[in-house]
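Please read it alongside the sequence and the coordinates.

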Amino acid sequence: MQISNHQGGGLILLSFIVAFMLTVVPLPEFMQFIRPEWSALVLLYWCMALPDRIGVGIGWIVGLLLDVLTGTLLGQHALAMTVIAYLIINLHQRIRIFPLWQQAAIIWMLLNLYQLLLLWFDGITGQPPKGLQFWLPPISGMILWPVVFILLRRLRRHFKVK
Amino acid sequence: MTLDHRQQHMQSLRAGLSLLIAPIEFLVDLPTDLGRWITESLSTRQTLLEENTRLHSQNLLMQARSLKNADLEAENQRLRELLGSSLKVADRVLIAELIKVELDPFKHLVRINKTQQHGVYLDQPLLDAHGIMGQVIETVPAHTTVRLITDPGHSIPVQVSRNGLRTIATGTGKINQINLPYLPNNTDIREGDLLVTSGLGGVYPPGYPVAHVTEVNHVAGEEFAQIKAEPTAHLNRSREVLLVWSGEHIKTLQQVTQSDREGQRADQ
């Protein structure tokens with residue numbers, strides 16, 4: 001695939017910027033814990049839609065920026081992102097033809113893995129978060145997956161992102 | 001890479017990346033800023049006048065109080081000289097503003113808008129008008145991150161202002177509670193006691209209020225009492241906060257501001 005065939009990089013960039021903003025935008029207290037991992041959702045979508053373009057490398061960069069944005073250990077989100085990006089690229093041909101709810105279930109599992117890796121790092125550095133609330137973001141991510149998927153697919157088709 | 005970061009080697013990379021992130025923070029903070037600007041410009045003359053008179057009377061009260069303060073300070077100094085102990089130098093403060101972004105809900109971190117260029121240093125204490133808020137854990141050109149005293153990974157050396165009893169208060173992850181886990185059952189501590197910083201550890205200057213004791217539980221069979229306290233600082237309400245320079249850090253602050261001024265002169 002040649003670079004000249006690529007189109008619509010701006011849209012991809014914009015979607016990540018919006019995801020970053022949603023990650024830090026202030027929410028009421030009870031909603032803080034169910035805030036989904038927006039950047040992970042957007043990354044998963046692009047990996048699935050354009051696996052030859054968005055992959056482990058972009059995932060790593062996005063994760064690194066997310067680390068700086070949220071003040072976590074540098075490399076923590078980056079590693080988690082690379083792992084889920086790798087998995088979804090391996091699975092993308094199967095997942096693409098799944099019905100939406102089945103896709104959402106797979107996304108839920110990937111997000112759980114993502115969260116588990118983050119938990120692992122927090123544990124190593126001595127500050128494991130307590131409580132089951134930690135496992136809420138993958139569930140809200142799963143519920144929001146159809147919305148993200150349909151919205152981004154529409155945008156992708158409209159702007160002919162390849 | 002993670003290990004590298006533990007030893008602060010990645011600071012420059014983090015600083016570079018933070019510049020990429022800065023516009024996002026600015027955009028997220030924009031609505032709050034805009035809202036404040038609109039209320040400010042739309043408030044009527046009447047409300048402004050009222051606020052002005054209120055602030056005026058408050059100012060008068062404060063001044064009267066500070067008059068007494070000066071006298072007390074002088075007396076304190078005399079007594080200290082008599083005791084032969086070191087002089088307590090006044091601390092320098094600088095007003096900073098919180099950037100309205102939310103980080104990890106399981107950690108209590110906030111961002112402020114003053115950075116290295118203003119002389120902010122690692123481990124610097126942060127206050128609001130009511131007490132200690134936290135300490136700086138990261139300062140890069142684009143922003144400064146502060147860990148609040150209620151963060152589960154944070155502990156602060158305190159003493160009970162009533163009797164000088166020293167102990168350590170640790171964060172719980174709840175925004176309105178810190179714990180005193182290391183006090184035996186027979187300690188003299190009561191509900192309502194004020195905890196102030198003890199100055200041990202060298203991070204926080206001594207004598208600033210930290211929390212009020214809200215609950216003392218003696219559990220039979222346990223070695224230590226369960227003591228809860230509520231921070232005096234308005235941790236989730238303050239927008240204007242104070243950065244404190246104390247002790248030898250005042251000198252570095254002076255150097256920074258001096259080089260700033262020289263730079264400005266050179267510009268002219």
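Two strands are taken to pair if DSSP finds at least two bridges between them, and strands (E, at least two residues) and helices (H or I, at least four) are DSSP runs numbered from the N terminus. The model is predicted, so that local features need pLDDT of at least 70 and side-chain atom pairs count only at pLDDT 80 or more, whereas totals for chains, interfaces and linings use all residues. Residues are numbered from 1 along each chain as its sequence is written, and chains are lettered from A and ligands numbered from 1 in the order in which they are written.

**Strand pairing in chain B**

Strand S6(B) has two antiparallel partners, S7(B) and S9(B), as the table sets out.

| Pair | Residues | Bridges | Opposite residues |
|---|---|---|---|
| S6(B) and S7(B) | 155-160 and 166-171 | five | Gln159(B) and Arg166(B) |
| S6(B) and S9(B) | 155-160 and 194-197 | three | Val158(B) and Thr197(B) |

S6(B) and S7(B) form a hairpin with five residues between them, and in its turn Gly164(B) has a positive phi of about 75°.

**Helix packing in chain A**

The axes of H6(A) (residues 100-124) and H7(A) (residues 136-158) come within 8 Å and cross at roughly 140°, where axes are lines fitted to C-alpha atoms, for helices over the stretch in contact, and angles run from 0 to 180 degrees between N-to-C directions. H6(A) is therefore oblique to H7(A), since angles under 35 degrees count as roughly parallel, over 145 as roughly antiparallel, 65 to 115 as roughly perpendicular and the rest as oblique.

**Contacts between chains and domains**

The contact between the chains takes 25 residues from chain B and 24 residues from chain A. On the side of chain B that touches chain A, H2(B) gives the most, with eight residues, and by class that side has 14 nonpolar, six polar and five charged residues.

Within chain B, the domain assignment (automatic or from a database) gives domain 1 (2-42 + 89-149 + 237-267) and domain 2 (155-231). Their contact takes twelve residues from domain 1 of chain B and 13 residues from domain 2 of chain B.

Methods: Contact = placed C-beta atoms within 7 Å. Nonpolar A, V, L, I, M, F, W, Y, C, P; charged D, E, K, R; others polar.
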